[in-house]
Amino acid sequence: MDPFNLSDRVIVITGASSGIGQAIAIACGNRGAKLVLIGRDKGRLEETTTKLNPNCEFKLIIADLATPESVD
């Protein structure tokens, strides 16, 4: 069993538009995970997706998790 193979996993990443969140998204996407990427800035979040493996499946959620009204 390869502990770095994430092909059967769905991972939710908050703060995925920059910094550590973005780095985690890229690393997990490169290891085959399906991603749910959450961030406040749509443009920066979309920029993160350009750095993912082309075969990576992902869903974007634009929200500020510190503001309950922004999350449905």
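1. A pocket here is an open set of points on a 1 Å grid over the protein atoms alone, where a 1.4 Å probe fits, with protein on both sides within 12 Å along at least five of seven lines.

2. Before going on, a word on the model: it is predicted, with local features needing pLDDT of at least 70, side-chain atom pairs counting only at pLDDT 80 or more, and totals for chains, interfaces and linings using all residues. Residues are numbered from 1 along each chain as its sequence is written, and side-chain values use heavy atoms, with hydrogens and water left out.

3. Which residues line the largest pocket? They are Thr 14, Gly 15, Ser 17, Ser 18, Ile 38, Gly 39, Arg 40, Asp 41, Arg 44, Ala 63, Asp 64 and Leu 65, where a lining residue has an atom within 4 Å of a point. The lining divides into three nonpolar, five polar and four charged residues.

4. As for the overall fold, the protein has two helices and three strands, which follow the pattern β-α-β-α-β along the sequence. The radius of gyration is 12 Å, close to the 11 Å that the globule rule gives for 72 residues, so the protein is as compact as a globular protein of that length. That radius is taken over C-alpha atoms, and the rule is 2.2 Å times the number of residues to the power 0.38. Helices (H or I, at least four residues) and strands (E, at least two) are DSSP runs, numbered from the N terminus. The C-alpha trace spans about 40 × 20 × 20 Å along its principal axes.

5. Ser 17, one of the lining residues, is found in the loop between β1 (10-14) and α1. Is Ser 17 buried or exposed? Ser 17 counts as buried because its relative accessibility is 12%; buried means under 20% relative accessible area, exposed over 50%, and partly exposed in between (1.4 Å probe, protein chains only). Not counting residues up to four places away in sequence, Ser 17 touches Gln 22, Asp 41, Arg 44, Leu 45 and Thr 48, a contact being heavy atoms within 4.5 Å.

6. Gln 22 sits in helix α1 (residues 19-30) and is also buried, at 13% relative accessibility. Leaving aside neighbours within four places in sequence, its contacts are Gly 15, Ala 16, Ser 17, Thr 48 and Lys 51.

7. Lys 51 lies in the loop between α2 and β3 and is partly exposed, at 40% relative accessibility. Beyond four places in sequence, Lys 51 is in contact with Gln 22 and Ile 26. The C-alpha atoms of Lys 51 and Ala 23 are separated by 9.7 Å, although these residues are 28 apart along the chain.

8. Thr 50 belongs to helix α2 (residues 42-50) and is exposed, with a relative accessible area of 62%. Its C-alpha atom is 9.7 Å from that of Ile 26, which is 24 residues away along the chain.

9. Val 71, in the segment after β3 (58-62), is partly exposed at 39%.

10. Finally, the totals: 29% of the 72 residues count as buried. Among contacts between residues at least 6 apart in sequence, 43% join residues at least 24 apart.

Note on methods
Nonpolar A, V, L, I, M, F, W, Y, C, P; charged D, E, K, R; others polar.
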